[in-house]
Amino acid sequence: GVMDARGNVTIHYKEIETFSDKAKIKTDKNGDLKDIELIGNARLKQEENDSFADRFYYDTKTKIIIAEGNTTSKTLTDEGATLILKSRRQEYAQDKNIFNASGNVNIWYEDYYAVGPKVTVYPNAKGKPNEVYFTGRSSITQGVRTIFADKITMTMRPKTFNAVGNTRTVIKNIGSGDSSNGKNGGIGLGL
């Protein structure tokens, strides 16, 4: 019931395709998959979702995929825009279609760039990512403004964000003008 594979391992399981340096696969007495572990340069691809990590672990009983170490996930939103999420650890609960990430979380979405210690991503009715909740001291940057807060909610459709708890706004490059040496200069404003 246990299989080890090494060296450029490729696995096709239902709608999932994986690539890794090494894989450990466990099956039950009927030959059905119990769990799978992908180790080293691991990639997991499912429809328009693509994830990379040092290690993936999937348990068929809990239907939870865990990614650890240098994790990056790319997915398409309902409008076809790309959402990129990087962190140390990511966890996806297939039954609930809820995605959690922790450890130096970075998200890029259109002109938003957000950073925080922990994030939960919830889907819309079509199962696409739509609401992102940052917990812990986080920031979101759009253009020249960066907002810091204890909690940030980012919504894809309609595209908005809400920051609450000890908020602070920093706006860079406000105005332009000539400085004494003749070069254009800007100032930063922190609120």
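The model is predicted, so local features need pLDDT of at least 70 and side-chain atom pairs count only at pLDDT 80 or more, while totals for chains, interfaces and linings use all residues. Residues are numbered from 1 along each chain as its sequence is written, and side-chain values use heavy atoms, with hydrogens and water left out. The largest pocket has a volume of about 640 Å³, and the largest cavity one of about 130 Å³. A search of the whole structure finds 9 salt bridges, and the structure holds 4 aromatic pairs.

**Largest pocket**

- A pocket is an open set of points on a 1 Å grid over the protein atoms alone, with protein on both sides within 12 Å along at least five of seven lines; a cavity is a set of points where a 1.4 Å probe fits but cannot get out, and lining residues have an atom within 4 Å of a point.
- Grid points are joined across faces, edges and corners, and a volume is the space filled by probe spheres set on the points.
- The lining of the largest pocket consists of 30 residues, with N49, T75, Y92, N97 and F99 nearest the centre.
- At least two lining residues come from each of β3 (33-46), β4 (49-59), β5 (64-76), β6 (82-93), β7 (98-109) and β8 (112-123); strands (E, at least two residues) are DSSP runs numbered from the N terminus.
- Strand β5 supplies the largest share of this lining, 6 residues.
- The pocket lining divides into 14 nonpolar, 9 polar and 7 charged residues, where Ala, Val, Leu, Ile, Met, Phe, Trp, Tyr, Cys and Pro count as nonpolar, Asp, Glu, Lys and Arg as charged, and the others, Gly among them, as polar.

**Largest cavity**

- The count comes to 1 cavity of 30 Å³ or more.
- Of the 13 residues that line the largest cavity, I16, T18, I36, L44 and Y58 are the closest to its centre.
- Two or more residues of this lining come from each of β1 (2-13), β2 (16-27), β3 and β4.
- Strand β3 gives the most to the cavity lining, with 4 residues.
- By class, the cavity lining holds 11 nonpolar and 2 polar residues and no charged ones.

**Salt bridges**

- Side chains of opposite charge can pair when their charged atoms come close; a salt bridge here is a side-chain nitrogen of Lys or Arg within 4 Å of a carboxyl oxygen of Asp or Glu.
- R43 and D50 form a salt bridge whose closest N and O atoms are 2.8 Å apart.
- R43 is partly exposed at 25% relative accessibility, whereas D50 is buried at 14%; buried means under 20% relative accessible area, exposed over 50%, and partly exposed in between (1.4 Å probe, protein chains only).
- R55 and E68 meet in a salt bridge at 2.7 Å, N to O; R55 lies in strand β4 and E68 in strand β5, so the pair ties together parts that are 13 residues apart in sequence.
- E68 also meets R89 in a salt bridge at 3.7 Å, N to O, a link between strands β5 and β6 across 21 residues.
- Salt bridges with shared partners join E37, R55, E68, R89 and E91 into one network.

**Aromatic pairs**

- Rings of Phe, Tyr and Trp (its six-membered ring) pair if their centres lie within 6.5 Å; planes under 30 degrees apart count as stacked, over 60 as edge-to-face and the rest as tilted.
- The structure's 4 aromatic pairs include Y92 and F99, with ring centres 6.4 Å apart and planes at 45°, so this pair is tilted.
- Y92 is partly exposed, with a relative accessible area of 21%, while F99 is buried at 17%.
- W108 and Y113 also form a tilted pair, with ring centres 5.2 Å apart and planes at 35°.
- W108 is partly exposed at 32% relative accessibility, as is Y113 at 30%.

**Two buried residues**

- L85, in strand β6, is buried at 3% relative accessibility.
- Leaving out residues up to four places away in sequence, L85 has contacts that include T71, F99, A101, I107 and V121; contact means heavy atoms within 4.5 Å.
- L85 and T71 are 14 residues apart in sequence and 8.1 Å apart in space, C-alpha to C-alpha.
- N130, in strand β9 (residues 129-142), is buried at 11% relative accessibility.
- Beyond its neighbours within four places in sequence, N130 is in contact with Y122, P123, N124, M154, T155, M156 and R157.
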